[in-house]
Amino acid sequence: MTKLAVLISREEGFGIAGALPTTRCNPGDLRHSPHSQHPGGPTHADDIGTIDTDADGWADLERQLQIYAAEGLTLRAMVDLYAPPADNNDTAQYLAFVCEGLGLDPETRVSDALTQKA
């Protein structure tokens, strides 16, 4: 598991009793992923995916981070996509949390950030 994935899960609320990422085994709070189901339907108001197990949730988050890495995104660009203000996120705070946790600059490539293991 990568440190970046762990930081994202913390920022998303995974591990907090009653939080959607926790109750839905979805540490990344992902809307769509290989293991996601949408019991309320694809247009349900809280379209965060429900995943069968925490292990599959972690795998889906790591997969998404690998996609961002393959696209050559920086941490700043990744957070802009992952946690946009339009979704009621404090994107600047989210980026600061991730960068501080990694000890990296916002212009660091996701691929470089993924070399840090949790």
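Let me start with a term: contact means heavy atoms within 4.5 Å. This is a predicted model, where local features need pLDDT of at least 70, side-chain atom pairs count only at pLDDT 80 or more, and totals for chains, interfaces and linings use all residues. Residues are numbered from 1 along each chain as its sequence is written, and side-chain values use heavy atoms, with hydrogens and water left out.

First, Asp52. Leaving aside neighbours within four places in sequence, Asp52 is in contact with Cys25 and His35. Cys25 is 27 residues away along the chain, yet the two C-alpha atoms are separated by 6.7 Å. Asp52 sits in the loop between strand E2 (50–51) and H3. Helices (H or I, at least four residues) and strands (E, at least two) are DSSP runs, numbered from the N terminus. Is Asp52 buried or exposed? Exposed, at 53% relative accessible area. The cut-offs: buried is under 20%, exposed over 50%, partly exposed in between, with a 1.4 Å probe and protein chains only.

Now the rings. Rings of Phe, Tyr and Trp (its six-membered ring) pair if their centres lie within 6.5 Å; planes under 30 degrees apart are stacked, over 60 edge-to-face, the rest tilted. That rule gives three aromatic pairs. One is Phe14 with Trp58, edge-to-face, 5.5 Å centre to centre and 85° between the planes. Phe14 lies in the loop between helix H1 (3–12) and helix H2 (20–23), and Trp58 in helix H3 (residues 54–70), so the pair ties together parts 44 residues apart in sequence. Trp58 is buried, at 16%.

Tyr68 and Tyr82 also pair edge-to-face, at 6.3 Å and 80°. Both are buried. Ring pairs link Tyr68, Tyr82 and Tyr94 into a cluster.
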